[in-house]
Amino acid sequence: MKWINRGHEYDDMYKQIENKSAFYLFGAGDYGRQFVNIFGGEININSFIDNSVKKQGTNIAGLPCVALSAVELKQNEGIIVTMSQIARTAPVQQLLQLGYKRNVDFFIIEEFISVYHVYKYNKVYFSSISFLPSTACNLKCRYCLNFNPFAKKFYVRKWEDLVEDVDLFFSCVDRIMLFHVSGGEPLLYAHTADIIEYIDGKYGDRIDTLRTVTNGTVVPTDEVLIKLSRCDLEIVVDDYREAVPEYNDNFDRLIKKLKEYNIKYYINRVDSWIDLAPERTDYASMTEDWLLRHREQCGQSWQELRNGKIYNCNYAAYATVAGIAGEEDAEEAYDLRMYDESKQKELIEFRLGYSQKGYTNFCKKCRGFKTENNEEVKPAIQA
């Protein structure tokens, strides 16, 4: 999205939020439960909405769960879409087809959290950030969203640079819902446990969820597990056993070790990935207006923290590191070293997708997380 009224892009949206006396949460999953933990005593929440028949009629995080068809939205009520960027594509279309207006009748979780806190409390509250100590990985997935198959070498960061980035980030950001230490394969990086200990020890009281991820093929040492067990940490174990059955024993040993050390984890069974298809996509001849619409419709909601900057689109940032994104413009990143408290709303706007240009150069080579990009592929298929 292109800045038009820098520092005031969400003025009208916040007025709509102020006029609401109660909300429904559309999505009774991970994001929904985190939202309840943040806002449970702050705003009135009527119930969850979910398209899963199994969840409808149950009680989740202390709230009833109903179907969208059971909701009769009053004028002073709103819906907050509490789902990840991929999961929310169809539900957002449902709401639009019913005549609901975005930022009037319904709101997206990332925008709601940040706009609410910066306008009401003058606090910079991020929904999430992606932080990569290294892109090194033992798998070579054909449709990797880090684009590792295209990279000539892995990107491995120095310990001092990691600490500098973390300290700078928390000098600008008051609180974050999800701080995500990612990769590559994080358990291959020598200092992953150390940086997680550092983040948790120094900033844990400002993080709702500190999380890392693993592809389930690497069994860390006892020394690493001891360090991780001392942290308020959640590990997502991606289940790719169908694609890489040679690692099945490692997967079982990893789960056994996590249980042994009482480390919080959950298994992520992924049915499909989306192919962003940078090697088959060419939008270079498209007009600026088309590229602006392309980026806005994509709705990509993650950004990366690296080298003192946050990058407008984490996938564009990954593609740059892999060498396939072309030249990176200064407008694609926000330099946190230039931040001061007078720029709170500006920083929030950038985190939510606004920039001077309104799109990234990688948008010219990326299909995006759009409704029409339904080219699902099997996860972790090796190149």
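**Entry 1: sorting residues.** Before counting anything, I settled my classes: Ala, Val, Leu, Ile, Met, Phe, Trp, Tyr, Cys and Pro count as nonpolar, Asp, Glu, Lys and Arg as charged, and the others, Gly among them, as polar. I also reminded myself that this is a predicted model.

Entry 2: I looked up the second largest pocket and found about 940 Å³ of space in it. It is lined by 37 residues, and the closest to its centre are Met-1, Arg-102, Glu-296, Gln-297 and Gly-299. With my classes in hand, I read the lining as 14 nonpolar, 11 polar and 12 charged residues.

Next I asked: which element gives the largest share of this lining? That is α9, with 5 residues. I noted that α1 (11-18), α3 (89-97), β6 (106-108) and α4 (109-121) are among the elements that each supply at least two lining residues.

**Entry 3: the cores.** I turned to the largest nonpolar core, which has 78 residues. Phe-35, Phe-112, Phe-169 and Phe-179 touch the most other members.

**Entry 4: helix α2.** Phe-35 and Phe-39 sent me to α2, where both are buried. Why is α2 described as largely enclosed by the rest of the structure? Because 7 of the 10 residues in this helix (residues 30-39) are buried. I jotted down the others too: Tyr-31, Gly-32, Gln-34, Val-36 and Ile-38.

Definitions and conventions
Residues are numbered from 1 along each chain as its sequence is written. This is a predicted model: local features need pLDDT of at least 70, side-chain atom pairs count only at pLDDT 80 or more; totals for chains, interfaces and linings use all residues. Side-chain values use heavy atoms; hydrogens and water are left out. On a 1 Å grid over the protein atoms alone, a cavity is a set of points where a 1.4 Å probe fits but cannot get out, and a pocket is an open set with protein on both sides within 12 Å along at least five of seven lines; lining residues have an atom within 4 Å of a point. Grid points are joined across faces, edges and corners, and a volume is the space filled by probe spheres set on the points. Helices (H or I, at least four residues) and strands (E, at least two) are DSSP runs, numbered from the N terminus. A nonpolar core is a set of buried Ala, Val, Leu, Ile, Met, Phe, Trp, Tyr and Cys residues joined through side-chain atoms within 4.5 Å. Buried means under 20% relative accessible area, exposed over 50%, partly exposed in between (1.4 Å probe, protein chains only).
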